[in-house]
Amino acid sequence: GADQAAAVASRAAAEREAATQRFIALLAASGVDPEGSWDDAMKRTVNHADYRALQTLGDRKAAFERWGRERREAAEAAARAEERRRKVDFLTLLKGRPELTSRTRYPEAEALLGKEARWLALADEPEREELYEEYALSLERKEGAERRAARQARMAALRALLEREAVSAKSQWRKVHAALGEAAEMVALDKVDRLSVFEEYIGSLEEKEEQAKQAEREAARRADRKKRDAFRALLRRRYDEGLIPLAARWRDVAAELEAAEEHGLAAGQPGSTPQELFDDFMEQARETYSGHRRLLRGVSGAPPVTAATTADEFAAAIASAADAGSEVASLPRASLAAYVAELKEKAREEAAEMERSIRKQQRSAIEAFQGALRGLMGATLTSATTWQEVAAVVSGKAFASALAEPLQRQAFSELHAEVKAAEDKEAAAATGAAAGGGEKEAGGEEGGEADEPDEGPVLRPGRRVTLCGLQVRADLNGAVGRLQAFDSPSGRWAVALDGAASVRIKPINLTPVTPAAESGEASSSPQRCAVGLASACGSEHALVLCASLPSAR
């Protein structure tokens with residue numbers, strides 16, 4: 001097999017090498033010159049038995065060349081070793097003469113050692129000089145290192161002196177030099193080195209002090225951070241226990257938190273204030289809850305929340321929901337409590353909105369009832385009207401059936417109060433006009449213009465009015481009629497003219513006829529009016545400010 005073939009080849013190579021060594025030994029024993037020719041070597045060895053140790057002439061010639069190459073390499077190695085020995089002996093000679101320094105030149109050294117055998121052993125003069133220059137350079141490096149070491153030792157001694165004398169970082173060189181200038185450690189150095197040692201020593205002291213201060217500051221920062229972390233932990237506990245709701249503001253919980261020891265510690269550190277820590281905590285809590293809320297909203301089997309539902313009940317119900325995964329089941333109690341509170345608040349807002357809507361609808365129904373009642377009763381609706389009379393009038397009417405009786409009574413009570421207030425105001429205005437009418441008219445004639453009164457009669461159903469200031473229907477100016485009802489959408493009064501059809505007129509073109517005018521006692525001077533009308537829901541009757549104009553000249 002392959003192993004047997006390899007073994008055979010190995011034995012053959014070993015036999016060939018042994019034969020080659022026998023032939024090489026024959027060459028050496030026969031006095032063959034390694035630098036000679038192969039023909040000469042063959043003549044000297046051909047008759048010897050070992051000549052045929054190698055079978056072929058080529059193998060014998062290759063062995064001869066190998067032997068010659070090995071002999072030459074050995075001779076060269078021996079020459080190199082001898083050269084190294086001579087150089088070592090030369091350097092040993094130089095090192096053994098302490099009078100030689102880095103400043104000694106080659107000619108001086110040659111004059112001193114030129115007759116020494118070890119000097120002469122290096123026959124090549126340039127090589128000898130080069131070797132000496134290398135030795136002088138090594139001496140220069142060695143002497144420089146020794147000088148630096150000695151200088152460092154002297155500087156270390158001066159530094160030790162400064163330490164023994166307790167020189168501090170605030171010490172001044174002038175004072176230190178005056179106190180220690182005669183010390184051996186100080187004298188051993190020049191001025192530059194003394195000052196350098198002092199400055200380096202002071203710098204090391206300052207660095208140590210700064211490191212100590214830095215360590216103190218770092219320890220204080222760690223202590224302050226622990227105080228803030230303790231306050232955050234307090235917030236976390238109270239939030240998880242439900243004592244701090246998600247919508248809480250600092251003012252809502254400040255009183256309770258200020259009583260805790262953690263608050264006092266956090267308030268005494270220079271970092272973030274307790275309020276800032278609270279705001280940051282609540283912002284993070286709201287961000288976390290926003291993600292939890294999305295998970296809870298995605299649970300289709302979530303239980304309904306009522307005003308009596310607690311966070312624990314909701315947590316138990318949500319955990320048993322069909323599609324509630326492990327992520328939802330592991331939500332913190334604080335998020336569940338916040339979600340329950342949010343649903344309750346939403347339910348309260350919806351209930352409040354529904355209540356406001358109902359009240360608004362009731363108010364609209366009441367105002368509609370009041371408007372319809374005004375139009376139905378007209379001038380017969382006075383402060384003397386009773387509810388029984390109104391109930392008899394509205395009985396069976398469609399607008400009344402839309403409102404329950406308690407609300408009908410409420411609407412009548414409000415309307416009755418408005419009518420009474422209007423009558424009282426009208427009576428007061430008529431009394432004031434009767435008392436000062438003559439004086440105002442006289443004042444108007446003398447001064448050329450009379451002042452307008454502050455108040456006038458009220459426009460209400462049944463009131464007698466005169467039309468004035470019409471532009472399109474100027475033919476109706478001066479016509480007299482009776483007010484029937486006010487139409488809110490158009491902003492006009494329905495007026496039944498004497499001996500004519502009913503028309504719709506803006507309040508600004510209506511002048512109430514006062515009782516004095518109806519009795520024929522009023523002045524024949526024309527009037528101008530300014531009418532301000534409130535809403536058509538009957539909240540208040542319009543006020544009409546009237547004043548007599550001066551007579552035409």
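## Exercises on side-chain contacts

The side chain of Arg 60 comes to 2.8 Å from the backbone oxygen of Tyr 51. A polar contact is a pair of N or O atoms within 3.5 Å; within protein, one must be able to donate a hydrogen and the other to accept it, and residues adjacent in sequence count only if both atoms are side-chain atoms. The model is predicted: local features need pLDDT of at least 70, side-chain atom pairs count only at pLDDT 80 or more, and totals for chains, interfaces and linings use all residues. Residues are numbered from 1 along each chain as its sequence is written, and side-chain values use heavy atoms, with hydrogens and water left out.

### Exercise 1. Arg 60

Determine which helix holds Arg 60, and describe its charged and other surroundings.

*Solution.* 

1. Arg 60 belongs to helix α3. Helices (H or I, at least four residues) and strands (E, at least two) are DSSP runs, numbered from the N terminus.
2. Arg 60 is buried and has no salt bridge. Buried means under 20% relative accessible area, exposed over 50%, and partly exposed in between (1.4 Å probe, protein chains only). A salt bridge is a side-chain nitrogen of Lys or Arg within 4 Å of a carboxyl oxygen of Asp or Glu.
3. The nearest side chain of opposite charge to Arg 60 is that of Asp 59, 8.1 Å away. For charge, Lys and Arg count as positive and Asp and Glu as negative; His and the chain ends are not counted.
4. With neighbours within four places in sequence left aside, Arg 60 is in contact with Phe 23, Trp 38, Tyr 51, Arg 52, Leu 54 and Gln 55. Contact means heavy atoms within 4.5 Å.

### Exercise 2. Salt bridges

State how many salt bridges the structure contains. Then examine the pairs of Arg 66, Arg 151 and Arg 222.

*Solution.* 

1. Side chains of opposite charge can pair when their charged atoms come close.
2. Arg 66 pairs with Glu 70, their closest N and O atoms lying 3.1 Å apart. These two residues are 4 residues apart in helix α3 (residues 57-95), so about one helical turn separates them. Arg 66 is partly exposed at 23% relative accessibility, and Glu 70 is partly exposed at 37%.
3. Arg 151 pairs with Asp 193, with 2.7 Å between the closest N and O atoms. This bridge links distant parts of the chain, as Arg 151 lies in helix α6 (residues 125-164) and Asp 193 in helix α9 (residues 191-240), 42 residues apart. Arg 151 is partly exposed at 30%, whereas Asp 193 is buried at 8%.
4. Arg 222 and Glu 218 form a salt bridge at 3.8 Å, N to O. Both residues are in helix α9, 4 residues apart, so they too are about one helical turn from each other. Arg 222 is partly exposed at 40%, and Glu 218 is partly exposed at 27%.
5. Through shared partners, salt bridges join Glu 82, Glu 83, Arg 85, Arg 86 and Asp 89 into one network.

### Exercise 3. Aromatic pairs

Classify the ring pair Phe 23 and Tyr 51 and the ring pair Phe 90 and Trp 119.

*Solution.* 

1. A pair of aromatic rings is described by the distance of the centres and the angle of the planes. Rings of Phe, Tyr and Trp (its six-membered ring) pair if their centres lie within 6.5 Å; planes under 30 degrees apart count as stacked, over 60 as edge-to-face and the rest as tilted.
2. The structure holds 13 aromatic pairs.
3. For Phe 23 and Tyr 51, the centres are 6.1 Å apart and the planes stand at 55°, so the pair is tilted. Phe 23 is in helix α1 (residues 2-29) and Tyr 51 in the loop between α2 (38-45) and α3, 28 residues apart. Phe 23 is buried at 0%, and Tyr 51 is buried at 6%.
4. For Phe 90 and Trp 119, the centres are 5.2 Å apart and the planes stand at 50°, so this pair is tilted. Phe 90 lies in helix α3 and Trp 119 in helix α5 (residues 117-120), so the pair ties together parts 29 residues apart in sequence. Phe 90 is buried at 0%, and Trp 119 is buried at 1%.
5. Ring pairs also link Phe 23, Trp 38, Tyr 51, Phe 64 and Trp 67 into a cluster.
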